Amino acid sequence: MSTVLYPGSFDPFHVGHLDVVEQAAELFGSVVVAVMHNPDKPSGALSMDQRIAMVKSSVSHVKGVSVDAFPGLAVDAARAVKALCIVKGLRTSGDFEVEQQMAHTNFAVSGVRTVYVPCTPAFSFISSRYIRDIAANGGDVSSMVHPSIVKDLTSILNRRK
Ligand code: PNS
């Protein structure tokens, strides 16, 4: 069994993320989900505490998974938890372009490697960005996030309340 780090901004965590956590737990045995800041997305819709609570609730049925917030670099978080590697999910070739550059950069500065897992095709269109948009406008996001967080997510983000 190895520990791996799954970093992301998870604003919010959705069923595509959960799919990656489930695959990583099956492959490696122990997964640390790292809720992190993405400098390209400065103003998150959800607070760190809200994101962590939603990730915890969404993964509670998966054995070997822990969830925490980490400041700074993903590679430092990976070293702090003694992770074998970073795990990332790939939905599309667009994801690959972005993730490949990050993976090479992370390896160049730290020696920490990245392993990709392919997203289950049925979830490949799901993105936090559109979930935020739909929830903020009173739409139904229940097919895209874990059932345990639908109510909280909708009540936090729905501007039409
Ligand atoms: O879910 P996201 O927004 O695609 O996740 C991106 C994230 C948080 C994994 C990435 O921005 C990140 O690793 N942030 C931590 C800071 C860091 O390590 N930056 C150097 C990247 S090469």
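The model is predicted: local features need pLDDT of at least 70 and side-chain atom pairs count only at pLDDT 80 or more, whereas totals for chains, interfaces and linings use all residues. Residues are numbered from 1 along each chain as its sequence is written, and side-chain values use heavy atoms, with hydrogens and water left out.

An N or O atom in the side chain of Ser9 is 2.5 Å from an oxygen atom of the ligand, and a polar side-chain atom of Asn38 is 2.8 Å from a ligand oxygen atom. The protein buries 80% of the 550 Å² that the ligand exposes when taken alone (Shrake-Rupley method, 1.4 Å probe).

The shell around the ligand holds 15 residues, of which Ser9, His37, Asn38, Lys41 and Ala74 come nearest (a residue is near if one of its heavy atoms lies within 4 Å). Six of the shell residues are nonpolar, seven polar and two charged; Ala, Val, Leu, Ile, Met, Phe, Trp, Tyr, Cys and Pro count as nonpolar, Asp, Glu, Lys and Arg as charged, and the others, Gly among them, as polar. E1 and H4 each supply at least two residues of this shell, and H4 has the largest share, with three. Helices (H or I, at least four residues) and strands (E, at least two) are DSSP runs, numbered from the N terminus.

The ligand takes up the space of the largest pocket (more than half of its atoms lie within 2 Å of the grid points). A pocket is an open set of points on a 1 Å grid over the protein atoms alone, with protein on both sides within 12 Å along at least five of seven lines; lining residues have an atom within 4 Å of a point. The volume of the largest pocket is about 1,200 Å³, taken as the space filled by probe spheres set on the points, which are joined across faces, edges and corners. Its lining comprises 39 residues, with Asn38, Lys41, Lys88, Glu99 and Met102 nearest the centre. H4 gives the most, seven residues.

The loop between E1 and H1 contains Phe10 and Pro12. Phe10, not a glycine, has a positive phi of about 50 degrees, and the peptide bond joining Asp11 and Pro12 is cis, with omega about 5 degrees.

Conventions:
1 Å grid on protein atoms, 1.4 Å probe; cavity = no way out; pocket = protein on both sides within 12 Å on 5 of 7 lines; lining within 4 Å. Polar contact = N/O pair within 3.5 Å; in protein donor to acceptor, adjacent residues only side chain to side chain.
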